[in-house]
Amino acid sequence: MNNYEKALDYFNKKEFNNALKFFLYSLAENINSSNSYYNLALTYEMTNDNELAIACYKKAVKIDKNIRAINNLAAMYFANGQEKNALSLLNTAIETYPNDAEAYSQIGKYYFNIKDFEIAKRYFNKAKQLDSNFCFNYYNLAKLYIALKDITKAKENLEECLRINPEFALAKEELKKLD
């Protein structure tokens with residue numbers, strides 16, 4: 001088992017300090033490994049070191065425009081109030097990866113948060129068109145329909161979300177509120 005595989009194994013066991021060590025060893029062997037930077041960033045997120053997580057996501061994006069790193073970095077930017085950075089990154093993502101549902105859904109969530117519901121709906125629907133099994137997007141659509149006071153469509157989207165992922169706690173909670 002190589003250092004990268006060992007790091008993934010430790011990560012999956014939630015032994016994050018060991019995972020960090022072996023992802024760093026892996027990068028010492030191949031400094032241009034986008035996957036190592038991406039997984040190192042995930043590990044830093046799990047240990048609440050957001051500054052290092054952001055730095056590692058940036059390196060993964062720089063190396064090969066790693067879409068998972070782009071989406072996670074954008075989410076971190078949104079969480080830190082850096083909406084313009086997140087939107088710029090996501091717009092680049094959909095130019096590079098026009099079939100990535102998560103990028104469209106994140107942009108939709110941004111427009112939802114600023115209460116531009118029509119634009120949000122367009123992005124959420126595009127995400128749904130690209131990936132009809134993207135559970136979180138159905139949750140986002142449900143929240144949009146709740147805001148628009150269309151409870152029937154909100155319930156439909158929550159039910160679809162739960163069909164895809166029956167354990168999605170946020171969707172269960174929202175559905176209970178609507179009943």
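This is a predicted model: local features need pLDDT of at least 70, side-chain atom pairs count only at pLDDT 80 or more; totals for chains, interfaces and linings use all residues.
Local features here need pLDDT of at least 70 and side-chain atom pairs count only at pLDDT 80 or more, while totals for chains, interfaces and linings use all residues. Residues are numbered from 1 along each chain as its sequence is written, and side-chain values use heavy atoms, with hydrogens and water left out.

View 1. Helices (H or I, at least four residues) and strands (E, at least two) are DSSP runs, numbered from the N terminus. The C-alpha atoms fill a box of roughly 55 × 30 × 25 Å along the principal axes. Of the 179 residues, 44% count as buried (under 20% relative accessible area; exposed is over 50%, partly exposed in between, with a 1.4 Å probe and protein chains only). Among contacts (heavy atoms within 4.5 Å) between residues at least 6 apart in sequence, 41% join residues at least 24 apart.

**View 2. Helix H3 (residues 34-46) packs with helix H5 (residues 67-79).** Their axes are 10 Å apart, at an angle of about 30°; axes are lines fitted to C-alpha atoms over the stretch in contact, and angles run from 0 to 180 degrees between N-to-C directions. H3 and H5 are therefore roughly parallel (under 35 degrees; over 145 is roughly antiparallel, 65 to 115 roughly perpendicular and the rest oblique). H3 passes H5 in a left-handed crossing, the near helix being turned anticlockwise from the far one by less than a right angle. On the H3 side, look for Asn35, Tyr38, Leu42 and Glu45, which meet Arg68, Ala69, Asn72 and Met76 of H5. These contact residues divide into four nonpolar, two polar and two charged (Ala, Val, Leu, Ile, Met, Phe, Trp, Tyr, Cys and Pro count as nonpolar, Asp, Glu, Lys and Arg as charged, and the others, Gly among them, as polar).

**View 3. Ser33 sits in the loop between helix H2 (16-29) and H3.** Ser33 is buried, at a relative accessible area of 13%. Its side chain makes a polar contact of 3.0 Å with that of Ser36 (a pair of N or O atoms within 3.5 Å; within protein, one must be able to donate a hydrogen and the other to accept it, and residues adjacent in sequence count only if both atoms are side-chain atoms). Leaving aside residues up to four places away in sequence, Ser33 touches Leu27 and Ile63.

**View 4. Phe16 is part of helix H2.** Phe16 counts as buried, with 15% relative accessibility. Not counting residues up to four places away in sequence, Phe16 touches Phe11, Thr43, Met46 and Thr47.
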